Amino acid sequence: MNISKLGKLAVNRVELVNGRALYAEIPRHNKKIRVLSAYAPNAPDEDEAVWKTLELESEELPRVHVMMGDFNLVEDTIDRSPVRQRPARCEKGSDRSQIEP
């Protein structure tokens, strides 16, 4: 987060997973924009631990407006190259984070 670009705004931020996930509340027009930024590792044994920690750490936070980052997974098999089933470890976490209608 580039604090110099945000000026003197009182940005609340919490590092949810060390070096991997950050939650921030950014004041804008008398409201707060809630942002979650995550960078998941590529290694299967490491990314599962990151997603589990992120899920536990974010349970008490309000719902975010923006979720961004590099999640190193795709939701649909058709988006994977070469096409293959997505690992079972990705099922719960990515389904929970999908946008509700």
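Guide: We take the strands, then a helix. Keep in mind that this is a predicted model.

Visitor: How many bridges join strand S1 to strand S2, and which way do the two run?

Guide: Strands count as paired when at least two bridges are found between them. Here five bridges join S1, residues 12-17, to S2, residues 21-28. The two run antiparallel. For a landmark, find Val17, which stands opposite Ala21 in S2.

Visitor: What lies between S1 and S2?

Guide: Three residues, and the two strands form a hairpin. Look at Gly19 in the turn: its phi is positive, about 75°.

Visitor: And how is S2 joined to strand S3?

Guide: By eight bridges, again in an antiparallel run. S3 covers residues 31-39. Ile26 stands opposite Ile33 in S3. S2 and S3 also form a hairpin, with two residues between them. His29 in that turn has a positive phi of about 50°.

Visitor: Which residues of H2 are buried?

Guide: An α-helix has 3.6 residues a turn, so residues three or four places apart point the same way. In H2, the buried ones are Asp47, Val50, Trp51, Leu54, Glu55 and Ser58. They cover an arc of only 130° around the axis, so they lie on the same side of H2.

Visitor: Which exposed residues sit on the face turned away?

Guide: Asp45 and Leu56.

Key. Residues numbered from 1 in each chain as written. Predicted model: local features only at pLDDT ≥ 70, side-chain atom pairs only at ≥ 80, totals over all residues. Heavy atoms only, no water. Buried < 20%, exposed > 50% of the residue type's maximum accessible area, 1.4 Å probe, protein only. Helix = DSSP H or I, 4+ residues; strand = E, 2+ residues; numbered from the N terminus. Arc of directions from axis to C-beta.
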